[in-house]
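Trainee: Walk me through this one, please.

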Amino acid sequence: QVQLVESGGGLVQAGGSLRLSCAASRSIFSINAMGWYRQAPGKQRELVATITSGGSANYADSVKGRSTISRDNAKNTVYLQMDSLKPEDTAVYYCNAVTVVRTIPYESWGQGTQVTVSS
């Protein structure tokens, strides 16, 4: 297991930018995939973006072209750069890590960071 701590959330006006950070308690070099999910009030948690250990990224259609996920193995940190933010991006953003050991996936979640986009 790995502990994850998110930071970088806050209040921003529509059209603005934020960079979320997810710091891991140990090396992320061997973590198979890390990602960002979000949950808005009254809605289910949804995928925002993921990145594999090899650097392959995947994005939800709702953020594609406006967001960039990256990982810095030296700093044990994953980032989510979000630009052109919209009010509908308002949610709690959670960091996720998946490590596969002998075909068994082990999943970890951070505590979440609030992102609020005002119109």
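Mentor: Start with accessibility: a residue is buried under 20% relative accessible area, exposed over 50% and partly exposed in between, with a 1.4 Å probe and protein chains only. This is a predicted model, where local features need pLDDT of at least 70 and side-chain atom pairs count only at pLDDT 80 or more, while totals for chains, interfaces and linings use all residues. Residues are numbered from 1 along each chain as its sequence is written, and side-chain values use heavy atoms, with hydrogens and water left out.

Trainee: Is Arg 102 buried or exposed?

Mentor: Arg 102 is exposed, because its relative accessibility is 76%. Its place is the loop between strand 9 (91-101) and strand 10, where strands are DSSP runs of E with at least two residues, helices are runs of H or I with at least four, and both are numbered from the N terminus.

Trainee: What about the phi of Arg 102?

Mentor: Phi of Arg 102 is positive, near 50°, and the residue is not a glycine. Most residues other than glycine have a negative phi. Thr 103 also has a positive phi, about 75°, without being a glycine. Thr 103 sits in the loop between strand 9 and strand 10, and at 73% relative accessibility it counts as exposed.

Trainee: Which residues make the nonpolar surface patch?

Mentor: Val 101, Ile 104 and Tyr 106 make it, with an area of about 250 Å². Patch members have over 30% relative accessible area and no salt bridge; nonpolar side chains (Val, Leu, Ile, Met, Phe, Trp, Tyr) are joined within 5 Å, like charges within 9 Å. Ile 104 belongs to strand 10 and is partly exposed, as its relative accessible area is 44%.

Trainee: New topic. How many aromatic pairs are there?

Mentor: The whole structure has 1 aromatic pair. Rings of Phe, Tyr and Trp (its six-membered ring) pair if their centres lie within 6.5 Å, and planes under 30 degrees apart count as stacked, over 60 as edge-to-face and the rest as tilted. Here Tyr 37 and Trp 109 have ring centres 5.1 Å apart and planes at 65°, so the pair is edge-to-face.

Trainee: Where do Tyr 37 and Trp 109 lie?

Mentor: Tyr 37 is in strand 4 (residues 33-39) and Trp 109 is in strand 10 (residues 104-109), so the pair ties together parts that are 72 residues apart in sequence. Trp 109 is partly exposed, because its relative accessibility is 33%.

Trainee: What lies over the face of Trp 109?

Mentor: Arg 45 does, at 4.6 Å from the ring centre. Arg 45 also lies over the face of Tyr 94, at 3.7 Å from the ring centre. A charge sits over a ring if NZ of Lys or CZ of Arg is within 6 Å of the ring centre and within 35 degrees of the ring normal.

Trainee: OK, salt bridges. How many does the structure hold?

Mentor: It holds 4 salt bridges, each being a side-chain nitrogen of Lys or Arg within 4 Å of a carboxyl oxygen of Asp or Glu. Among them is Glu 46 with Arg 38, where the closest N and O atoms are 2.7 Å apart. Arg 38 is buried, with a relative accessible area of 6%, whereas Glu 46 at 36% counts as partly exposed. Another joins Lys 64 and Asp 61 at 3.2 Å, N to O. Asp 61 is exposed at 66% relative accessibility.

Trainee: Which side chain meets Asp 89 in a salt bridge?

Mentor: Arg 66, at 2.8 Å from N to O. This pair links distant parts of the chain, 23 residues apart: Asp 89 is in the loop between strand 8 and strand 9, and Arg 66 in the loop between strand 6 (57-59) and strand 7 (67-72). Both Asp 89 and Arg 66 are buried. A network of salt bridges links Arg 38, Glu 46, Arg 66 and Asp 89.

Trainee: Last one. What does the side chain of Thr 77 reach?

Mentor: The Thr 77 side chain reaches the backbone oxygen of Lys 75 at 2.8 Å. Thr 77 is in strand 8 (residues 77-82) and is buried, at 9% relative accessible area.

Technical notes. Accessible areas come from the Shrake-Rupley method with a 1.4 Å probe; for residues, only the protein chains shown count as cover. A polar contact is a pair of N or O atoms within 3.5 Å; within protein, one must be able to donate a hydrogen and the other to accept it, and residues adjacent in sequence count only if both atoms are side-chain atoms.
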